[in-house]
Amino acid sequence: MSRKLNLAVGQLGPIQRADSRASIVNRLMEMMREAKSRGAEFIVFPEAALTSFFPRWYITDEAELDSYYEAEMPNPSVQPLFDLAAELGVGFYIGYAELAVENGRKRRFNTSILVDGRGKVVGKYRKIHLPGHADHEPDRPFQNLEKRYFENGDLGFPVYELDGNKVGMCICNDRRWPETWRVLGLNGAELVCLGYNTPMLEPRTPQHSHLTSFHHLLSVQAGAYQNGMWVAAAAKAGVEEGWLLVAHSCIVAPTGEIVALTNTIDDEVITATCDFARNREIRDHIFNFEKHRQPHNYKIIAE
């Protein structure tokens with residue numbers, strides 16, 4: 001008998017700089033309720049889902065910068081979402097900016113967590129492939145200072161047991177790197193949760209701007225197919241602080257087929273039933289790692 005998971009993706013419309021965490025959490029809760037009404041047991045929310053995407057601004061005041069981070073998770077602002085998860089029995093993935101104090105030093109990460117249907121955190125991931133730049137570049141129409149505001153993730157690509165299913169995580173730019181998907185596949189992931197905030201405009205390569213959605217879907221579909229896994233990808237979408245973010249949140253089958261896709265740039269819930277027996281169609285045949293991989297020929301990847 002195959003295992004199945006009724007899965008939802010909660011795409012967020014734009015979050016403006018002045019929006020309160022309470023208003024954002026209320027939006028997330030509303031989507032969780034909608035997901036539950038459709039029979040979903042788990043919902044995937046975007047990267048940096050609790051604030052506007054602040055790396056677009058050069059911020060010099062440390063107190064202002066700290067205001068975009070979560071020093072603990074859950075915390076009082078986000079606790080209502082955890083309480084609702086426990087009440088409804090719906091788990092979730094969510095991304096946020098993490099402020100950790102380790103050995104007396106502030107550390108900042110672009111982080112996501114897995115929360116089960118009892119409202120308990122069961123896994124954490126810190127974004128590894130940080131895009132953008134670290135220095136102030138005022139000539140850009142907007143900046144992406146992720147390399148200034150975050151450290152590269154230090155947890156690897158772990159896979160967690162979530163209600164009997166093996167679930168991995170990645171964040172935004174990670175999806176463009178095939179190594180992300182392959183390591184998650186080698187670690188046994190059956191489902192990968194992905195949150196992203198991706199601008200439609202590519203200021204330094206404007207000739208690619210019209211390809212943004214194509215490159216997003218290409219990366220997700222290839223990752224799913226080449227590793228025989230389900231993927232649930234959640235966007236922060238719409239016009240945020242004057243800049244359009246790509247939508248096209250989706251659920252992708254292990255065959256690479258899109259089985260659910262958003263059609264707005266607002267808050268929107270999509271759902272699908274993930275049959276994990278379908279993973280075997282790929283992993284037992286075309287991409288059977290044990291039978292067909294030739295890692296001795298791939299050394300250049302790591303060297």
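The following legends describe close-up views of a predicted model. Local features require pLDDT of at least 70 and side-chain atom pairs pLDDT 80 or more, whereas totals for chains, interfaces and linings use all residues. Residues are numbered from 1 along each chain as its sequence is written, and side-chain values use heavy atoms, with hydrogens and water left out.

**View A. Salt bridge between Arg17 and Glu64.** The closest N and O atoms of the pair are 3.0 Å apart (a salt bridge is a side-chain nitrogen of Lys or Arg within 4 Å of a carboxyl oxygen of Asp or Glu). Arg17 lies in the loop between strand E1 (4-11) and helix H1 (21-37) and Glu64 in helix H2 (residues 62-66), so the contact ties together parts 47 residues apart in sequence; helices (H or I, at least four residues) and strands (E, at least two) are DSSP runs numbered from the N terminus.

**View B. Salt bridge between Glu146 and Lys127.** The N to O distance is 2.9 Å. Glu146 belongs to helix H4 (residues 146-149) and Lys127 to the loop between strand E5 (121-126) and H4, so parts 19 residues apart in sequence are tied together. Glu146 is buried at 2% relative accessibility, as is Lys127 at 0% (buried means under 20% relative accessible area, exposed over 50%, partly exposed in between; 1.4 Å probe, protein chains only).

**View C. Salt bridge between Glu102 and Arg107.** The closest N and O atoms are 2.8 Å apart. Glu102 is partly exposed at 27% relative accessibility, while Arg107 is buried at 13%.
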